[in-house]
Amino acid sequence: MTEKIGRRGFVSGVAGVAAAGLVGASPLSANPQAQGQTPQPAGNRPATGLPARGEFIVRGGYVLTMDSALGDIPDGDVHVKNGNIVAVGKNLKAAAAQIIDGRRMIVLPGLIDTHWHMWTTYLRCMAADKAEDGYFPVTTRYGQAMKPEDMYHSTRLAAAEAIYSGTTTLNDECHNIRSLDYAVEDIRALRETGIRARFSYGPYRGIPPGQPRDLASFEKLHGEWAKHSPDGLITLAYTWGGIPGMGANGAAPPQERVDNARKEIETARRLGTPITMHLASRENTPAGQVQAQAAYLGKDMLLIHMLATSPDEMKLVANSGASISSSPGSELRIGYGLTKVGEFLDAGINVAVSVDTAPLTGNCHLFGILKLMRNAVNAKAFDEFKLTGRRALEIGTINGARALGIDHLVGSLVPGKRADLILVRTDVVTMGVFTDPTHMLVEAVEPSNVDTVVVDGRILKRGGKFTALAQEQIMAKAAATLVSVSQRVKTAAS
Ligand SMILES: [Zn+2]
């Protein structure tokens with residue numbers, strides 16, 4: 001009890017100071033020239049406040065294309081125009097292009113996160129050390145007290161963290177849609193930050209077991225999607241709960257629940273939206289959970305965690321073409337088990353990486369999560385070479401694009417693809433001396449080393465700073481959100 005009161009008091013105090021001191025701070029976009037951007041006349045700026053897509057060339061970087069044909073290009077260039085990668089190679093000609101100095105930088109595709117409950121980000125590090133304050137009780141208490149605008153502020157903070165740390169595409173698993181407004185506000189945050197995203201339409205915290213999902217709102221959202229993502233940077237997916245398994249006593253699940261689950265996935269497939277699902281999450285739970293979904297597994301599915309998957313079930317997944325999203329940062333922290341990424345890869349499954357949730361992972365730095373993944377895979381296999389640095393980077397880039405069905409657009413630096421790329425500085429003491437760039441990225445990078453981040457040709461971070469996002473305002477609003485939601489939680493408990 002003491003701990004709980006202490007924690008709440010601490011949260012209110014810190015958040016209050018942040019909110020009082022920082023609300024209204026001027027946006028960093030005020031001086032685009034200082035960020036190395038081509039200034040745009042006010043009339044030419046897009047209404048979103050994001051930088052325009054121009055023409056630029058990254059010169060002289062160590063380019064990891066993550067494409068098997070193009071390979072690595074030391075002292076290489078990447079030419080980008082109107083959001084497209086025009087050319088990748090050495091000594092490219094591009095007279096009209098703005099030059100971005102790539103020397104002493106590693107240039108690579110932006111990282112791709114495949115599962116992130118962004119609405120929980122304002123609860124960073126709030127999963128506490130007692131059962132009643134663990135991850136699920138905390139996010140349920142706070143989730144139930146949230147309003148639509150709280151979704152916006154939390155997801156905006158998450159998107160800012162993604163961009164800051166080199167993630168250019170993410171899958172926003174929105175598991176707190178209490179009404180359509182909650183989804184709309186969450187999507188607005190994605191759109192305004194300029195990130196490339198999949199929005200995965202989920203249930204809400206505290207939904208009574210067996211209650212049918214609000215498919216009418218999902219269909220409405222699908223019907224008006226162009227309004228939510230006019231430039232197509234955000235796509236819609238459905239988060240499915242799956243066919244319920246056997247009861248603890250071996251009894252078959254109620255037929256009504258099975259029928260509801262079928263109706264959900266049939267709706268998603270009729271609308272043509274991809275499907276994500278959390279499945280077989282804890283290693284120490286009975287096998288058979290994947291088998292129960294056998295009739296529905298397919299290439300349009302992204303299966304999350306999967307630690308209780310048996311070898312036979314892995315074959316089933318591999319044959320279906322479904323991908324697996326592994327989030328070792330959260331899986332290790334919450335005790336779901338040691339990763340099975342090595343086994344999934346051996347079974348021929350496309351494996352991608354994910355953040356999951358800031359209350360458990362602390363930060364959402366995907367290079368750090370890849371490092372955890374690689375180290376856990378090698379530890380489990382008693383093998384220094386089981387997962388190489390390059391293979392880990394593929395998991396964080398092109399495999400993620402495949403998992404989201406967008407590998408024709410992003411995931412590698414290839415002419416014709418959209419320009420989602422990052423530049424990582426190597427001229428800092430924590431990155432010296434330059435050795436193997438794939439190992440440096442997976443072992444040594446900190447978010448602050450990410451110098452430049454480009455999403456769909458828009459430069460969103462340059463010289464280590466946001467070009468358009470107002471960092472202080474985003475943080476202050478998220479802090480104020482925690483204060484107000486905490487108040488509502490307190491009132492509900494009293
Ligand atoms: Zn999750």
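Me: Which residues of β8 are buried on one side, and which on the other?
Reply: Arg196, Arg198 and Ser200 are buried on one side, and Ala197, Phe199 and Tyr201 on the other. Buried means under 20% relative accessible area with a 1.4 Å probe, protein chains only. Strands are DSSP runs (E, at least two residues) and helices are H or I runs of at least four, numbered from the N terminus. This is a predicted model, where local features need pLDDT of at least 70, side-chain atom pairs count only at pLDDT 80 or more, and totals for chains, interfaces and linings use all residues. Residues are numbered from 1 along each chain as its sequence is written, and side-chain values use heavy atoms, with hydrogens and water left out.

Me: Why is β8 largely enclosed by the rest of the structure?
Reply: Because 6 of the 6 residues in this strand, residues 196-201, are buried.

Me: How many bridges join β7 to β8?
Reply: 6, and the two strands run parallel; strands pair if DSSP finds at least two bridges between them. Asparagine 171 sits opposite arginine 198 of β8.

Me: And which strand is joined to β8 by 5 bridges?
Reply: β9, residues 234-239, also running parallel to β8. There, arginine 198 has threonine 235 as its bridge partner.

Me: New topic: which residues of α13 are buried?
Reply: Gly389, Ala392, Leu393, Ile395 and Gly396. They fall within an arc of 155 degrees seen down the axis of α13, so they line one face of the helix. That arc is taken from the directions from the helix axis to the C-beta atoms.

Note on methods:
Buried < 20%, exposed > 50% of the residue type's maximum accessible area, 1.4 Å probe, protein only.
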